[in-house]
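Take a look at the model below. We will walk through a few of its parts, one at a time.

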Amino acid sequence: MNWYSNVVPPKIKALIKREAPENAWVKCPESGQLVFHKDIEDNLYVVPGSGYHMRIPVEARLAALFDNGEHEVVPTPEVPSDPLKFRDIKRYVDKIKEYRLKTGHQDAVTIAYGKLEGAAVTVAVQDFEFMGGSLGMAAGEAIIAGMTHAIEKRTPFIIFTASGGARMQEGMFSLMQMPRTTIAVRRLREARLPYIVVLTNPTTGGVTASYAMLGDIHIAEPGAIIGFAGARVIEQTIREKLPEGFQRAEYLRDHGMVDMVVPRTQMRETLARLCALLTKAPRRAA
């Protein structure tokens with residue numbers, strides 16, 4: 001390759017050697033299929049061939065849900081950033097700063113308000129990219145604030161869950177969010193407002209043991225893992241082999257834990273129809 005290095009002018013080198021971005025192609029974890037990243041984005045982060053549902057950014061999910069993608073982010077209360085002064089390899093406050101910079105969000109839950117086929121809805125989205133979507137004080141306060149906003153505006157409340165469970169760095173303060181969010185769900189019910197839960201991959205731990213399984217209707221995305229403890233932990237505890245597909249969305253639907261499994265590309269239409277039915281409101285003409 002000496003002739004290339006020594007003879008070819010720099011401008012021509014630049015034309016010949018154009019490096020492709022590292023994330024130009026995405027490999028499907030299920031089928032191994034390579035898909036151009038733009039095709040994945042255009043298909044709501046669902047692999048066209050296999051139908052595998054990849055994690056979708058918060059902004060992309062909200063844009064796909066609301067009419068014309070238009071919505072406003074609902075402010076959430078501020079909480080102490082490190083109530084236990086927790087430290088392992090690095091300080092907890094430093095981890096929080098890293099994830100805020102990485103995701104562009106203050107914590108794992110974002111609340112938004114807008115129109116879904118002409119009807120107002122309040123939506124919460126849990127972001128697994130922010131410390132595994134773990135439930136801490138900030139996430140708990142955000143969910144409660146979202147439900148309170150829904151009550152004030154008299155709208156259905158929809159939440160997209162994705163979490164590994166409680167946030168260990170906040171100890172008992174994290175666990176307290178389970179009963180607190182449960183009480184907020186009860187307030188929604190007393191106000192006779194629909195509470196719809198969309199379980200995405202994965203929804204586990206204390207989140208499953210609280211608000212994630214208290215909806216009026218439970219929808220799951222295809223292939224989502226939904227459960228409390230991990231399958232391996234359960235197998236080691238009961239010393240038995242678990243059934244095929246255990247804790248997957250389809251298994252839970254077949255055993256009555258989930259009402260329906262809906263592909264992401266059909267989620268907006270399904271949610272609009274359910275909100276109209278539960279509020280007895282006429283749907284906007286297509």
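The paragraphs below visit a pair of helices, then a residue in a loop, then a residue in another helix. Keep in mind that this is a predicted model.

Start with the helix pair. Two packed helices are described by the angle between their axes and the distance between the axes. Here the pair is helix 6, residues 137-153, and helix 8, residues 177-190. Their axes come within 10 Å and cross at roughly 5°. Angles under 35 degrees count as roughly parallel, so helix 6 and helix 8 are roughly parallel to each other. Which residues make the contact? Helix 6 brings Met137, Gly140, Glu141, Ile143, Ile144, Met147, Thr148, Ala150 and Ile151. Helix 8 brings Gln177, Arg180, Thr181, Ala184, Val185, Arg187 and Leu188.

Now move to Thr208. It sits in the loop between strand 7 (195-203) and strand 8 (217-220). Is Thr208 buried or exposed? Its relative accessible area is 12%. Buried means under 20%, so Thr208 is buried. Its side chain reaches the backbone oxygen of Thr203 at 3.0 Å. A polar atom of that side chain also lies 3.3 Å from the backbone nitrogen of Thr204. Set aside the neighbours within four places in sequence, and Thr208 is in contact with Thr203, Met213, Ile226 and Gly227.

Finish at Val233, in helix 9 (residues 231-238). Val233 has a relative accessible area of 46%, so it is partly exposed. Asp107 is 126 residues away from Val233 along the chain. The C-alpha atoms of the two are separated by 28 Å.

How values were computed:
Residues are numbered from 1 along each chain as its sequence is written. This is a predicted model: local features need pLDDT of at least 70, side-chain atom pairs count only at pLDDT 80 or more; totals for chains, interfaces and linings use all residues. Side-chain values use heavy atoms; hydrogens and water are left out. Axes are lines fitted to C-alpha atoms, for helices over the stretch in contact, and angles run from 0 to 180 degrees between N-to-C directions. Helices (H or I, at least four residues) and strands (E, at least two) are DSSP runs, numbered from the N terminus. Angles under 35 degrees count as roughly parallel, over 145 as roughly antiparallel, 65 to 115 as roughly perpendicular and the rest as oblique. Contact means heavy atoms within 4.5 Å. Buried means under 20% relative accessible area, exposed over 50%, partly exposed in between (1.4 Å probe, protein chains only). A polar contact is a pair of N or O atoms within 3.5 Å; within protein, one must be able to donate a hydrogen and the other to accept it, and residues adjacent in sequence count only if both atoms are side-chain atoms.
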